[in-house]
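Please look over the sequence and the model shown here before reading on.

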Amino acid sequence: MKQIIHYLRKQPPARIIALGFALVILLGAVLLMLPVSARPGVQVRWIDALFTSTSAVCVTGLIAVDSADTFTPFGQAVLLGLIQVGGLGVTSIGMGLALAAGRRISLKGRSLVREALNVDSFGGMIRLVRAVFFMTLCFEVGGIVLSFPVFVQDYPPLHALWVSTFHTVAAFNNSGFDILGGLRNLIPYHDNVWLNLVTCGLIIFGGIGFLVMLDVVKCRFRFRKLNLHSKVVITTSAVLLAAGTVLLQLTDGIGWLAAFFHSVSARTAGFSTLPMGDLSDAGLFVLTVLMFIGASPGSTGGGIKTTTFFVLLQEVRCIFSKRRPGAFHRRLPDGSMSKAATIALLGMLVVCTGTFLLCVLEPATPFINLLFEDVSAFGTVGLSTGITPALRDPSKLVLILTMYTGRVGAFTLLSIWVERPEPVARYTEEAITIG
C-alpha cells in the first residue's frame with residue numbers, strides 16, 4: 001500500500017484522475033455483478049456490468065440492459081452513486097470527504113481538483129469545492145421536490161420519491177439513466193410540460209459549469225459584469241439550444257416542446273421523450289452535431305465543449321475580417337486557437353476510429369445509427385437509436401473505450417501518456433501551401 005501511495009504521489013494530476021475514473025468503473029462493475037444487485041432470475045454478464053458502470057461513471061446513459069428490469073434497488077443505488085461520483089469527479093468527491101472528516105488538504109490534492117475542475121489558479125480551492133457541493137445539493141433537492149408531484153401520480157409515494165431522486169441526480173449530472181423500465185426512458189411523459197421543463201432546467205444548469213454558476217451569482221445575474229468565460233458559455237449555449245430546437249422542428253416536425261427538450265438533452269444528458277430510431281437522418285445529424293459539441297468546461301457534461309466551438313468560430317471569422325480572435329471587447333489568448341483545434345481534431349479522430357470499428361463489427365446496422373451511437377458515447381450523452389442492447393461484445397468494448405476517452409478527454413489522455421521531450425535542435429522555417 002505504501003508503495004502504491006508513493007507511486008501515485010509522483011504521478012501528474014491528470015494521470016491520477018484518469019486512473020481514478022478507471023478504478024471507480026471497475027469497482028462499479030464488480031458491485032453490479034453481485035447477486036444482490038440483480039433481480040431474481042436475472043444474470044448480469046461481465047461485459048454488460050462493465051458497460052453499465054462505464055456509462056454511469058462517465059455520465060453517459062447508454063444502456064446495454066434496462067436499469068429497472070435488471071437491477072434491484074441496491075443495484076440502482078450503486079448506479080446512482082456512480083453517476084454522482086462521475087458527475088462531480090473523483091477528486092472533488094475525495095476532497096469533499098476529506099473536508100467532512102476535518103483533514104487538511106495537501107498541495108497535491110488541490111492540484112488534482114484544479115485539474116479536474118479546469119481552474120487556472122490554486123486560490124480559493126477549498127471554497128470552490130464547498131460551493132460545488134452546496135450548489136449540487138441545492139439543485140438536486142430542488143429537482144426532487146419539483147419532479148415528485150409528477151411521478152407520485154403513477155407510483156406509490158415511496159417509490160415515486162426514489163424515482164424522483166434517481167431522475168434528478170441523473171438529469172443534473174447529465175446522465176440519461178432512468179428506472180422506469182421497458183427501455184422507455186421518458187417517453188411516457190412526452191406531453192408532460194412540467195417534467196420536461198424541470199428536466200431541461202437541471203440539464204442546462206448541470207451543463208454550463210460550476211464556475212459559470214458561481215460567477216453569475218457573484219455578479220448578481222448581471223450579464224455585463226460576468227467574465228469572458230461565462231459570457232462565452234452562456235451565449236454559445238443559448239445559440240446552440242435555439243438552433244437545435246428550430247432545426248429539429250424543421251426536419252422532423254416533432255413539436256416545439258419535444259424539439260427543445262431534445263436540443264437540450266443532446267448537450268449531453270441523453271434523456272429522450274421520443275424513440276430516436278423514428279427520427280429522420282437529418283434530425284439524427286442535427287443531434288449528432290450537438291452531441292459532438294457537448295456541454296461546457298468544468299461541468300458534468302462531455303463533448304469538445306462550447307468554448308472550443310466558440311474559439312474555432314472566432315478564428316474562422318478573424319481569417320476573413322483580418323482581426324485578432326476575441327469577443328465582448330476582450331482578446332483571446334494566443335494559444336487558445338491551437339488548443340481548440342487540437343481538441344476538435346482529436347475528438348474527430350476518436351469518433352472516426354470508433355465509428356469505423358463499429359462499421360466493421362456491425363455490418364448490418366445502418367451507418368447513421370453507428371455514427372450516432374459512437375458520437376453519443378464520445379460526448380457522454382446517452383442518446384441511442386435503440387441498437388445498444390443488440391450490439392456484439394467487441395462493439396460494446398469499443399463504446400466503453402469511447403465513453404472513457406470522452407469523459408477524461410482525448411487531449412488529457414494523450415498529454416499524460418505520451419512523453420514530450422524538449423527539442424534538442426531548431427530547424428530552418430519553411431512555408432507550405434494550406435488550403
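## Overall fold

Among contacts (heavy atoms within 4.5 Å) between residues at least 6 apart in sequence, 70% join residues at least 24 apart. This is a predicted model, in which local features need pLDDT of at least 70 and side-chain atom pairs count only at pLDDT 80 or more, while totals for chains, interfaces and linings use all residues. Residues are numbered from 1 along each chain as its sequence is written, and side-chain values use heavy atoms, with hydrogens and water left out.

The protein has 19 helices and 2 strands, taken as DSSP runs (helices H or I, at least four residues; strands E, at least two) and numbered from the N terminus. Of its 435 residues, 54% count as buried, that is, under 20% relative accessible area with a 1.4 Å probe and protein chains only.

## Spans from the record

An unreviewed UniProt entry lists several spans as "transmembrane region", including residues 16-34 and 238-262; such annotations may be inferred rather than shown by experiment. Residues 16-34 are 89% helix and 0% strand, with end C-alpha atoms 27 Å apart, whereas residues 238-262 are 88% helix and 0% strand, with end C-alpha atoms 14 Å apart.

## Helices H17 and H18

Helix H17 (residues 367-378) packs against helix H18 (residues 393-408) at an angle of about 40 degrees, with their axes 7 Å apart. Here axes are lines fitted to C-alpha atoms, for helices over the stretch in contact, and angles run from 0 to 180 degrees between N-to-C directions. In H17, Glu373, Asp374, Ala377 and Phe378 meet Val398, Leu399, Thr402, Met403 and Gly406 in H18.

Note on methods
Buried < 20%, exposed > 50% of the residue type's maximum accessible area, 1.4 Å probe, protein only.
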